[in-house]
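Biologist: I would like to go through this structure with you, one part at a time. Shall we begin?

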Amino acid sequence: MLLRLFLTLVLLSTPFLERTLAEETFPERPLKIVVYTESGGVIDQTARQLALVLEKSNVAVPVVVENIKGGGGLVAIEHILRQPADGYTLFALTSSVISKAVASKRESRLELLDYLALVVDDYECLIVHREGSLKTFEDLKSFVRSKNSNSNWVGPASGGTDHLFAQKVWASLGMKANWIPYRSGGEAIAAILGKHGDVYVGNPQDTLGRPDLQVLAVASPQRLKGFESAPTFAELGYPELSGESLWRGFALRSETPANVRARWKVLLEKATSDPTWQQFVLAGAALPRFETDDEFRSIVHAQIESDKKLLF
Amino acid sequence: MAELDFFNGILVGLASVAEPFNLLMIGFGALLGILFGATPGLSPSMGVALLVPLSFGMDATTAFFFFVAVYQAANYGGSITAVAINTPGTPAAVVTALDGFPMTQQGHPESSFGYSLYASVVGGIIGAILLVLFAVPLAQVGLYFGPHEYFALAVFGLSTVVAFSTKAPLKAIVATLFGLLVSTIGTDPFSGLERSTFGVIDLYDGVSLLPAMIGLFALGEVFEQFSRKSQAQKAVVSTMESLLPLKRVFAFPRVLFGSSVLGTAIGVIPGAGATIASFICYGRAKKVSRTPEKFGDGAAEGIIASEAANSSSVGGALVPLLALGIPGSATDAVLLGALTLHGLTAGPELVRQRPDVVYGIFVALFVANFAIYFLGRFGVQIWIRILRIPQSIVISSVFLLCLWGSFTVRNSVFDCWVCLLFGVLGYGMKRGGYPIAPLVLGLVLGEMIEMNFRRALLMGEFSLFFTKPLSLVLLLLTLISLVSPVVKGSLRHGEPD
C-alpha cells in the first residue's frame, strides 16, 4: 500500500519536477536576442543592455544580440518564426513593429508570437524649435488653426507609431495637418532644426543633447524628470492622449514550452529590476514598466485594433 | 565643466589621442576599416555596426577614436577591390571603378592603387581640417537644406549622367531611367503602400543597393570573362616596379582640392553622403579636365575625384553629428547610437561635457589618415600580388565573393538572388553597350528625388523651387551641365576642318 502511494506520488510529481529542472537548467547554451534595426538604434541599445544585465548575474551563458533589419521589423518576425521554438531566440520589439505589421496587412504573423514582457514606456511627445514662435501648446493650437490644415508635422515613415500618434492628436484637436515623412527620426529632427517643418512627433529622448529643441507636450501620465516644464496631455485637457508610448518589449515564438517561458519571465523580471537597467531606461527619458501575459497581450491587441481604425 | 577654447581643446584632444593604447586602436581601426571596405557587401556603416559590441570593453574616448578610424578607412578600402577586380567594396567606390579598373587592366595597377590611396588620404585630411575649423558654421549650412534644396541637389547629381554618356547618350538616359524605376520598388513612405514588391517582404525597403551594385559591376564582369573563355586568360602584369610617387597626385590640384572641398560640403548635408559626393565630383572633374575623353578609360583625374570626394565626406558628415547631434550619414547614425550606449549624447552639449572625446575625434581623424597612408602603401604590395594570380582563379573567387558579400548585407539569401539578377543585367548591358554607372546613379538618387519633390509639394508651392536661392542656383547648374555638352558639340561641328 505504502509502495503504491509512493509510486503514485512520484508519477504525479514528474511534470512538476521536469518543469522545475528545465527552469533551473535553462539556458544551457548561448541565448540570442534578435533586433529589427541596425546596431545603435534605441531597441538595439535596449537589447544590448538586457544582454549585459543577464550575463552579469542572471545566466551563465553568453547572450548575443543579432541585428536582422528590414521591413520595419517584418523581416525579423519571419526570422524568429523560422527558429526552433525552444526559447533560445528572443525578439526585441517596439510598438512600431505592431504598426508596421498592421499597415502591411500582415497582422496574422503577430498571432504567432508570444508576448513575454513589455519593459519600457517611451512616451510620445510634440517637439518644436525653441527659437520659433511656438512656446506653448496653446500657441500650437492657434498656429495649426491659422494655417488651415497646412501646418507641417514631421517624423518617420507613415503608418509608424509617431504618425499614428499625430493623427490622434489632430483628431483630439479637431483639425488636420500635413504629415511629412522622413527616412529616419534624425533627418526629421534636422528638418525642425532647419525650420523646414513646424512640429516633430517623437519621444523626449530626441531632445537630449539638442538644446535648440523643446518638448511642448508629453503623453506620460505625470511630468517627466528632466522635462518638468513640459505639460502632460492630461493636464492640457486631453486625457485620451495620455499613456501613448513607443513601448519596448520582448517576445518568443508562440509554441515555446511553458516551462521555458516561465523561466524567461523570471529572468526578465529580475533583469528589469536591476539598478543598472533602471538607470539605463531613465537616462533615455523613458520609464521602466513590467507587463506580462494577459496585460501585454491585451496592449498588443488594443493597438492592432486602434491602428486598423486609423489606417484603413 | 567650463567650455575650453579651441587651442586648449585641441591640446586636450592631442593628449587623449597620444595615449599608446588609443594610438594602437586607431591603427587597428584603420586596418579593420580597410579590410571591411575592401569586402564587397560590408559598407562603412555595417563595419562600424559590427564593431559596436567590441567597443563595450573600451572607454568612450578609445571607442570613438577606433570607430572614426574604421569609418575613414572603410571609405578608402572600398576602392581597393574596385580598382583591382571591378568589384566596388562600398557604394561610393562604384565611381572609382569607372577609371581605376581600366587603368589596372592597362597594366598600371601601381598607378591606380596609388592615385586612389593618395587621393583618399589627402581628401580625408582636407575633410578633417574643414571639420575642425568650420564645424559650427558648416552645420548651419547643412540645416539650410530643405526639401527644395535636396531635390535640386539630387537633380544636379543626376545631371552628371552626361559625364558617363559621351559615347552613347541615349543609352545612358535609358540606363538612368531604369535605375530611377528600380528605385521606386518598396514601401511608399507617404502612403505606407507597397510598390512592386509582389508581397515579398525582402523588397519592403526596396532593392538592396549593395547586392545590386556588386551584381552590376563584379558579376557582370565575371560573366563577361566567362563568355570570353576561349581567349587566353592573362593575369595583369604591371609595368612599374614600385608604387606611384605621392607627388604625382598633386599634378591635378584642381581636381584633388576641388573634390575634397566639394566632398566635405556634400558630406555636411544630412543624408547626402559619400556616393552622391563621388558622382558629383566625378562629373565636375570631367568638365574641368583638358582630356575629358579619357574619362572611363583609366583617367587619373576620375580616380582622384571619386576618392578625394568620398573620403573628405567623412569629415563633412561628422559636422552635423558633433555640432548638432544629427547623423550626417548612415555610419553617423550607428555612431550616434554607439555614443548613447557609452553613456554620451551627441550634440552641442558634448563638447562642453566631454571635450576629450570631441577634440580627440578631430585629432584621431588626422592620425587615422596617416595610418591609412602607411597601411595602404604596405597593402598595395599585397593587392598587386593578388593581380598576378591567374585570371581563372580570380574570376571564380570573385564570383563566390560577390554572393558571400551580398549575403552578408542582411544575412539574406534573397540578396544573393538580387546580385545574380543584376549580374545578368550588367552583362547584358555591357554586351548592348549600355553604361552601368548611370543605372547606379538612378538607383542612388531616385528615392532622394522623389521623396524631396513630394515633401516640397506638401510643404509649399511649386514656385518655391525657383524662388529659394540655393534651389535656383542648383537647378541652373543642372541646366548648364545638361546644355553645355550640346553647345560644345555644335560649336565643334561648326569649326572649319
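Biologist: Leaving out residues up to four places away in sequence, which residues does B:Ser471 touch?

Modeller: Please keep in mind that this is a predicted model. B:Ser471 touches B:His148, B:Glu149, B:Ala152, B:Leu464 and B:Phe465, with residues up to four places away in sequence left out.

Biologist: How far apart are the C-alpha atoms of B:Ser471 and B:Glu149?

Modeller: They are separated by 4.6 Å, although the two residues are 322 residues apart along the chain.

Biologist: Where is B:Ser471 found, and is B:Ser471 buried or exposed?

Modeller: B:Ser471 is in helix H20 of chain B, which covers residues 469–494. Its relative accessible area is 0%, so B:Ser471 counts as buried.

Biologist: Let us turn to the nonpolar cores. How many residues does the largest nonpolar core have?

Modeller: The largest nonpolar core has 182 residues, and those with the most contacts inside it are B:Phe67, B:Phe113, B:Leu318 and B:Val440. Its largest share, 17 residues, comes from helix H6 (residues 109–144) of chain B. Apart from this core lies another of 58 residues, including A:Leu54, A:Ala76, A:Ile98 and A:Leu113.

Biologist: What does B:Phe113 touch, not counting residues up to four places away in sequence?

Modeller: B:Phe113 touches B:Ile80, B:Val83, B:Ala84, B:Val380, B:Trp383, B:Ile384 and B:Leu387, on that count.

Biologist: Now a pair of helices. At what angle do the axes of helix H11 and helix H12 of chain B cross?

Modeller: The axes of helix H11 (residues 273–288) and helix H12 (residues 300–324) of chain B cross at roughly 145° and come within 8 Å. The crossing of H11(B) and H12(B) is right-handed.

Biologist: Which residues meet there?

Modeller: From H11(B), B:Ala274, B:Ala277, B:Ser278, B:Cys281, B:Tyr282 and B:Ala285 take part; they meet B:Glu301, B:Gly302, B:Ala305, B:Ser306, B:Ala309, B:Asn310 and B:Ser313 in H12(B). Seven residues of this contact between H11(B) and H12(B) are nonpolar, five are polar and one is charged.

Biologist: Moving to chain A, how many residues of helix H3 are buried?

Modeller: Eight of the nine residues of helix H3 (residues 74–82) of chain A are buried, so this helix is largely enclosed by the rest of the structure. Among the buried residues of H3(A) are A:Leu74, A:Glu78 and A:His79.

Biologist: What covers the buried residues of H3(A)?

Modeller: The cover includes strand E2 (63–67), strand E3 (89–94), helix H4 (95–103) and strand E10 (248–253) of chain A.

Biologist: What about the backbone: which peptide bond is cis?

Modeller: The peptide bond from A:Phe26 to A:Pro27 is cis, with omega near 0°. A:Pro27 is in the loop between helix H1 (2–25) and strand E1 (31–35) of chain A.

Biologist: What is the phi of A:Ala285, and what is the phi of B:Asn86?

Modeller: A:Ala285 has a positive phi of about 60°, although it is not a glycine. B:Asn86 also has a positive phi of about 60° and is not a glycine. In general, most residues other than glycine have a negative phi.

Biologist: Where do those two residues lie, and are they buried or exposed?

Modeller: A:Ala285 is in the loop between helix H9 (275–283) and strand E11 (287–292) of chain A, and at 9% relative accessibility A:Ala285 counts as buried. B:Asn86 lies in the loop between helix H4 (60–85) and helix H5 (93–105) of chain B. B:Asn86 is buried, with a relative accessible area of 7%.

Technical notes. Residues numbered from 1 in each chain as written. Chains lettered and ligands numbered in written order. Predicted model: local features only at pLDDT ≥ 70, side-chain atom pairs only at ≥ 80, totals over all residues. Heavy atoms only, no water. Core = buried A, V, L, I, M, F, W, Y, C linked by side-chain atoms within 4.5 Å. Buried < 20%, exposed > 50% of the residue type's maximum accessible area, 1.4 Å probe, protein only. Helix = DSSP H or I, 4+ residues; strand = E, 2+ residues; numbered from the N terminus. Contact = heavy atoms within 4.5 Å. Axes fitted to C-alpha atoms, helices over the stretch in contact; angles between N-to-C directions. Left-handed = near helix turned anticlockwise from the far one by under 90°. Nonpolar A, V, L, I, M, F, W, Y, C, P; charged D, E, K, R; others polar.
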